[in-house]
Amino acid sequence: MQHCLRLAAFGLLQLLGALSLAYAADAYPDVKIEPAFTNNGELRLPTDFRRWVFIGAPLTPHALNNEAAGFPEYHNVYVQPEAYDYYLRHGSFPEGTVLVKELQLTKERAFPDGSRLEASGRGFFPGTPNGLDVSVKDSKRFAATSGWGFFNFGHHAPPYEASATLAALESCASCHQANAHEDMVFTGFYLQLKPLPTGKPMDNMK
Ligand code: HEC
């Protein structure tokens, strides 16, 4: 009898597992690497994101911001490969898109303007990693902030926080709402979101 009960319980667990997988697959049918949440709704730190598609790296150095840049680092932005392909095909981000912005300090300055000299010339050069911000598209879960949730995993060297709470509207989403180029994302800065021109006459039409 006990054995039967154990089997039944095991079967039930398997069913629940399958159901929750099916639910997850339904929530984000167009991405394989899905955003993962803890039971209390915190976003888990995305893993291995440096192997995703790298789409750009805006830079706001101290020297150009009265020595008081909020984010003096390169802003290295990554997106899951499937969300990237989806954007190229449809011109929009699918549900479950995760945009990771890893901050990377510039190498130590040698000149007052923050620059230094390397073999290639004088300029700014990428140094050590220094923080992680993430945005996730889920129109239902984040309906209150235009369909995207924003999370900060720390503004410091790795390791980053294992999970992050949803940021308040005024800390992140409001600025993206007011200024982003399309759908809460600054797409205009990311060349990789635009197909390389082929040189064919049709390219001139875009
Ligand atoms: C005052 C405006 C402002 C605020 C506040 C802000 N951002 Fe952004 N964010 C930007 C701009 C501008 C860019 C693109 C240029 C850049 O990175 O410098 C950007 C880029 C991003 C990107 C890369 C994808 C994209 O949308 O282009 C992520 C991810 C991101 N921000 C997350 C956050 C998070 C998380 C917070 C809150 C902790 C936050 N942002 C707060 C202005 C803001």
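A: Helices (H or I, at least four residues) and strands (E, at least two) are DSSP runs, numbered from the N terminus. This is a predicted model, in which local features need pLDDT of at least 70 and side-chain atom pairs count only at pLDDT 80 or more, while totals for chains, interfaces and linings use all residues. Residues are numbered from 1 along each chain as its sequence is written.

Q: What is the phi of N66, then?
A: Phi of N66 is near 50°, which is a positive value in a residue other than glycine. Most residues other than glycine have a negative phi.

Q: And is N66 exposed or buried?
A: N66 counts as exposed because it has 7 C-beta neighbours inside 10 Å. The cut-offs are these: a residue is buried if 20 or more other C-beta atoms lie within 10 Å of its own, exposed if 12 or fewer, and partly exposed in between, with C-beta atoms placed from the backbone.

Q: What about S146, where is that?
A: S146 lies in the loop between β7 and β8, and it has a positive phi of about 60° although it is not a glycine. With 16 C-beta neighbours inside 10 Å, S146 counts as partly exposed.

Q: Which residues does the cis peptide bond join?
A: The cis bond joins P158 and P159, with omega about 5°, and P159 is found in the loop between β8 and β9 (163-164). Most peptide bonds are trans.

Q: Stepping back, how many helices and strands does the chain have?
A: The chain has three helices and nine strands, and along the sequence they follow the pattern α-β-β-β-α-β-β-β-β-β-β-α. Buried residues make up 25% of the 206 residues.

Q: Which residues touch the most others in the largest nonpolar core?
A: They are A83, L99, V100, V134 and F151, out of 31 residues in that core. Such a core is a set of buried Ala, Val, Leu, Ile, Met, Phe, Trp, Tyr and Cys residues joined through C-beta atoms within 7 Å. At least two residues of this core come from each of β3, α2 (81-90), β4, β7 and β8, and the largest share, four residues, comes from α2.

Q: What does L99 touch?
A: Not counting residues up to four places away in sequence, L99 touches V77, V79, V134, S135 and V185, where contact requires C-beta atoms, placed from the backbone, within 7 Å.

Q: Why is β4 described as largely enclosed?
A: Seven of the nine residues of β4 are buried, so β4 is largely enclosed by the rest of the structure.

Q: How do β3 and β4 run?
A: β3 and β4 run antiparallel and are joined by six bridges, with Y78 opposite V100 in β4. β4 also pairs with β7 in the antiparallel sense, over seven bridges, and there the bridge partner of T106 is P126 in β7. Two strands pair if DSSP finds at least two bridges between them.

Q: Changing topic, which residues come nearest the ligand?
A: Of the 22 residues around the ligand, P58, H75, C172, C175 and F186 come nearest, where a residue is near if its C-beta atom, placed from the backbone, lies within 6 Å. The elements giving two or more residues to this shell are β3 (74-79), β4 (98-106), β7 (126-137), β8 (148-152) and α3 (173-179).

Technical notes
Two residues are in contact if their C-beta atoms, placed from the backbone, lie within 7 Å.
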